[in-house]
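Please find below a short note on the model under review. The points are numbered and may be read alongside the sequence and the structure.

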Amino acid sequence: MEWESTSEGMEERQVEFTYGIVKDRKNIYLNFITNVSPDCDCAGWSDRPIVNDIGILASKDPVALEQASLDLVNKAEPKGMLEDRDLEPGENKFKAVHPSTDGGVRQIDYAAEIGMGSKEYELISL
């Protein structure tokens, strides 16, 4: 992966591969929004988290889950390498770390476009 290059094609393929796996299954999806690192979890290194831990989200809709997760991270106060940046509330924190990317937006949009789920969600706190 070339981090500072556009990755739209790769992101769309990731969505298609995932959709092929989950398409006919009734699953519950979980996102642990903890230790949110500035780089991909696939990297062999990490830096300080870019936001405080938010918690665990669950949904039967993987697209809604991803959209809610991204929205919560973007609404959170910046930490770590983003602490000294002048970010607007709600600004995409992943795009702030990697300006040449869309910060994960294309994956969510494309998943909704191909029918994997909906970007609409309702947060219910427990």
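1. In this note a residue is called buried when its relative accessible area is under 20%, exposed when it is over 50%, and partly exposed in between (1.4 Å probe, protein chains only). The model is predicted: local features need pLDDT of at least 70, side-chain atom pairs count only at pLDDT 80 or more, and totals for chains, interfaces and linings use all residues. Residues are numbered from 1 along each chain as its sequence is written, and side-chain values use heavy atoms, with hydrogens and water left out. Helices (H or I, at least four residues) and strands (E, at least two) are DSSP runs, numbered from the N terminus.

2. Helix H4 (105-113) has Arg 106, Ile 108, Tyr 110 and Ala 111 as its buried residues. These pack against H1 and H2, where contact means heavy atoms within 4.5 Å. Just after H4, Gly 115 adopts a positive phi of about 90°.

3. Helix H1 comprises 15 residues, 8-22, and its end C-alpha atoms lie 21 Å apart.

4. Which residues of H1 are buried? They are Glu 11, Glu 12, Val 15 and Val 22. Viewed down the helix axis, the buried residues fall within an arc of 95°, so they line one face of H1; the arc is that of the directions from the helix axis to the C-beta atoms. The cover over these buried residues includes strand E1 (29-33) and helix H4. On the face turned away from the buried side, H1 carries the exposed residues Phe 17, Gly 20 and Ile 21.

5. A nonpolar surface patch is formed by Ile 28, Leu 30, Phe 32 and Ile 56, with about 450 Å² of accessible area together. Patches are made of residues with over 30% relative accessible area and no salt bridge; like charges are joined within 9 Å, and nonpolar side chains (Val, Leu, Ile, Met, Phe, Trp, Tyr) within 5 Å. A salt bridge is a side-chain nitrogen of Lys or Arg within 4 Å of a carboxyl oxygen of Asp or Glu. Accessible areas come from the Shrake-Rupley method with a 1.4 Å probe, and for residues only the protein chains shown count as cover. Ile 28 is placed in the loop between H1 and E1 and is exposed, at a relative accessible area of 60%.

6. Is each of them buried or exposed? Asn 35 is exposed, with a relative accessible area of 54%, whereas Val 51 is buried, at 2%. Asn 35 has a phi near 45°, a positive value in a residue other than glycine. Apart from neighbours within four places in sequence, Val 51 is in contact with Val 36, Val 73, Ala 76, Glu 77, Lys 79 and Lys 93. Val 51 and Val 73 are 22 residues apart in sequence, with a C-alpha to C-alpha distance of 6.9 Å.

7. Helix H2 (residues 62-75) includes Ser 69, which is buried at a relative accessible area of 7%. Not counting residues up to four places away in sequence, Ser 69 touches Asn 31, Ile 33 and Leu 57.

8. Ala 64 also lies in H2 and counts as buried, at 6% relative accessibility. With residues up to four places away in sequence not counted, Ala 64 touches Ser 59, Ser 118, Glu 120 and Tyr 121. Ala 64 and Glu 122 are 58 residues apart in sequence and 8.7 Å apart in space, C-alpha to C-alpha.

How values were computed:
Expected span 1.5 Å × (residues − 1).
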